[in-house]
Amino acid sequence: MNDLAGKHLVLGLTGGIAAYKSAELARRLQDRGATVQVVMTESATRFITAVTMQALTGRPVFTDQWDARQPNNMAHIDLSREADAIVVVPASTDFLAKLANGLCDDLLTTMCIARDCPLLVAPAMNLQMWSHPATRRNVARLVDDGVVVLGPASGDQACGEVGSGRMLEPHEILDDVIAFFQPKRLAGRRLLITAGPTREPVDPVRSITNHSSGKMGYAIARAAHEAGADVMLVSGPVSLATPRGVVRIDVETARQMHDVVMREATRADCFVAVAAVADWHVLNAADHKLKKTTTVEAGDGHAVPGLELRFEANPDILAAVAALPSPPYCVGFAAETEDLHGNAESKLARKKAQMIVGNLATEAFGRDDNALTLYTAAGRTVLERADKLVLARQLVAAIADRLPSTESR
Ligand code: C5P
């Protein structure tokens with residue numbers, strides 16, 4: 001996916017053992033379409049060579065503010081003027097301290113002070129250095145100055161200690177950089193999203209479920225977070241990583257999903273029901289593992305080996321949320337195998353949702369791409385086949401356009 005196409009980034013490296021991860025990040029940023037210009041401090045070159053970074057980016061690396069390769073000898077101005085953002089990975093304690101105090105005694109800090117583009121930094125340091133009052137003050141001041149601080153995370157550190165200060169992984173920094181460039185059309189809004197299948201037990205080791213992979217719901221959760229929303233994802237059993245910044249609550253059954261959603265829905269501005277919720281649960285589920293020798297009554301009244309299950313309808317979560325006295329903006333999904341238009345239109349009315357997103361189950365389940373039609377009282381909008389994240393961003397933009405202001409709830 002080319003979600004950084006046309007973006008030119010200056011990737012700054014300071015001295016820290018996490019600098020080796022910047023090599024991977026440089027590759028991943030370019031995979032997404034960005035061009036990357038590397039600037040390193042002298043200490044950074046002790047951890048990873050400029051040759052490595054040059055080979056990975058295909059551009060000469062700058063380390064020295066007196067570098068004569070720039071015709072006007074003003075690398076600190078020229079490099080940032082061409083950039084859409086400067087991303088400093090790793091950002092050392094010393095670098096953060098200098099920047100917070102406006103010091104600039106090398107190319108990277110001078111360029112950061114002289115910049116006219118956004119600055120993102122990914123701190124990486126020992127936990128004592130991160131928790132030191134001076135670092136706390138410096139980071140607070142940088143945030144005040146509009147610098148975007150990515151992480152850090154908690155975990156194992158190169159020094160052998162465990163705690164906060166560990167740099168985010170390259171894929172996490174990549175996701176944060178991509179999110180940074182997305183328009184913040186849902187800033188300050190709360191979205192509640194369901195995703196994945198539900199699993200209805202037959203006995204403690206068997207269940208009935210469906211083929212939903214959760215990919216569409218997870219993509220929408222990611223896109224909503226990128227758009228600045230507070231996102232809570234209520235997820236059935238899937239094997240997907242939680243999108244960055246999204247709060248996830250795991251459930252198994254439709255009734256569990258219903259209970260969590262009803263608890264959270266009153267606080268949401270928008271509810272997006274993407275989950276393929278089971279329509280029924282097994283009424284006579286066993287509390288012990290059923291044996292193969294279980295019998296049922298055959299037509300002639302004789303007992304034969306077999307199993308009879310009885311089902312009861314699950315609550316319709318979307319309809320229940322839409323029926324709340326002051327409901328959020330409700331978006332439902334219609335995954336159909338035939339008559340998509342008819343089914344989607346009737347769901348819009350029956351469930352009292354504000355929008356139904358229609359797709360063909362046979363062309364959506366488990367795949368990385370999809371095609372959507374949005375149905376509202378005002379008519380239809382077709383979103384052409386594309387990667388699910390691309391579609392999720394388009395859907396989030398369509399929701400943002402229609403979401404009533406907070407005061408009107
Ligand atoms: O009625 P049907 O299952 O076709 O409707 C699909 C839409 O309703 C989806 O948005 C799905 O998440 C939601 N739904 C629900 N609770 C159910 C069944 C479906 O929220 N029990």
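These legends go with close-up views of the ligand site and the pockets in a predicted model. Local features need pLDDT of at least 70 and side-chain atom pairs 80 or more, while totals for chains, interfaces and linings use all residues. Numbering runs from 1 along each chain as its sequence is written, and side-chain values use heavy atoms, with hydrogens and water left out.

View 1. A ligand nitrogen sits 2.9 Å from a backbone N or O atom of Ile317. Ligand oxygens pair up too: one is 2.9 Å from a polar backbone atom of Leu318, and one is 2.7 Å from a backbone N or O atom of Phe333. On its own the ligand has 440 Å² of accessible area (Shrake-Rupley, 1.4 Å probe), and the protein covers 85% of that.

**View 2. The shell around the ligand.** Residues count as near if a heavy atom lies within 4 Å; among them are Ala273, Asp279, Lys347 and Lys351. By class, the shell has seven nonpolar, one polar and four charged residues. Helix H12 (317-322) and strand E18 (329-336) each give two or more residues.

**View 3. The largest pocket.** The ligand takes up this space, which holds about 910 Å³. A pocket is an open set of points on a 1 Å grid over the protein atoms alone, with protein on both sides within 12 Å along at least five of seven lines, and lining residues have an atom within 4 Å of a point. Of the 45 lining residues, those nearest the centre include Ala275 and Val277. E18 gives the most, five residues.

Notes. A polar contact is a pair of N or O atoms within 3.5 Å; within protein, one must be able to donate a hydrogen and the other to accept it, and residues adjacent in sequence count only if both atoms are side-chain atoms. On a 1 Å grid over the protein atoms alone, a cavity is a set of points where a 1.4 Å probe fits but cannot get out, and a pocket is an open set with protein on both sides within 12 Å along at least five of seven lines; lining residues have an atom within 4 Å of a point. A molecule sits in a cavity or pocket if more than half of its atoms lie within 2 Å of its grid points. Helices (H or I, at least four residues) and strands (E, at least two) are DSSP runs, numbered from the N terminus. Ala, Val, Leu, Ile, Met, Phe, Trp, Tyr, Cys and Pro count as nonpolar, Asp, Glu, Lys and Arg as charged, and the others, Gly among them, as polar. Grid points are joined across faces, edges and corners, and a volume is the space filled by probe spheres set on the points.
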